[in-house]
Amino acid sequence: MRVLLIEDDTYLANGLRESLRHEGYSADVVFRGHDGLIAIHSGDFDIVILDLGLPDIDGLSVLKKAKQINQDLPILILTARDGIENKVKGLDLGADDYLAKPFSIEELLARLRVIGRRIGNHSTSFIEHKGLSLDIKGHSIFIHGVEANFSRRE
Ligand code: CA
């Protein structure tokens, strides 16, 4: 799955990119909303992670334009902890999910897996047998659709 990350916090963005790549995602980072829209225009991405606090264009405007470019492109928004209002606006504008900062990488990966399953990008990474499914890329196991808790090593 190809992920576009639009986030101006370089430390966070680079850390997320490494984590995503480690999990088998293809991940590109842009630091400005304008560059994000150009990347979305290219049509090369399956999912967008969009920080709402960007230096050049308001994140909500980026979201609105992104949905105009491709209505079906899943977008997960990142909001400040006190950004309840922005969260609601974002969901109203068509964001598929949101995470409030600070968040754990594990939670972000779990949200991405949910979106990935919804857009049907699981055909090559899921093995299913009698109610048990193994997500090879996401390193997780589901028993009748419910994620089972195992440590990474297990
Ligand atoms: Ca920001």
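Modeller: Contact means heavy atoms within 4.5 Å, and in that sense Thr79, leaving aside its neighbours within four places in sequence, is in contact with Leu52, Lys87, Leu99, Ala100 and Lys101. This is a predicted model, in which local features need pLDDT of at least 70 and side-chain atom pairs count only at pLDDT 80 or more, while totals for chains, interfaces and linings use all residues. Residues are numbered from 1 along each chain as its sequence is written, and side-chain values use heavy atoms, with hydrogens and water left out.

Biologist: What makes Thr79 count as buried?

Modeller: Buried means under 20% relative accessible area, exposed over 50%, and partly exposed in between, with a 1.4 Å probe and protein chains only; Thr79 has a relative accessible area of 3%, and is therefore buried. Thr79 is found in strand E4 (residues 75-79), where strands (E, at least two residues) and helices (H or I, at least four) are DSSP runs numbered from the N terminus. Its C-alpha atom is separated by 24 Å from that of Gly43, 36 residues apart along the chain.

Biologist: How do you know which protein atoms are donors of the calcium ion?

Modeller: Donors are N, O and S atoms within 2.8 Å of the metal (3.2 Å for Na, K and Ca), and water is not among the atoms, so sites may look incomplete. Asp8 (OD), Asp51 (OD) and Gly53 (O) lie 2.2 to 2.3 Å from the calcium ion, and so they are its protein donors. Along the chain these donors follow the spacing D-x42-D-x1-G. Distant parts of the chain are linked here, with Asp8 in the loop between strand E1 (2-6) and helix H1 (10-22) and Asp51 in strand E3 (residues 47-51), 43 residues apart.

Biologist: Why is Asp8 given its accessibility class, and why is Asp51 given its own?

Modeller: Asp8 has 31% relative accessibility, which lies between the two limits, so Asp8 is partly exposed. Asp51, in turn, has a relative accessible area of 5%, and is therefore buried.

Biologist: Turning to helix packing, why are H2 and H3 called roughly parallel?

Modeller: Helix H2 (residues 33-42) and helix H3 (residues 59-69) pack at an angle of about 10°, with their axes 10 Å apart. Axes are lines fitted to C-alpha atoms, for helices over the stretch in contact, and angles run from 0 to 180 degrees between N-to-C directions. Angles under 35 degrees count as roughly parallel, over 145 as roughly antiparallel, 65 to 115 as roughly perpendicular and the rest as oblique, so H2 is roughly parallel to H3. The contact is made by Gly33, Leu37, Ile40 and His41 of H2 and by Val62, Lys65, Ala66 and Ile69 of H3.
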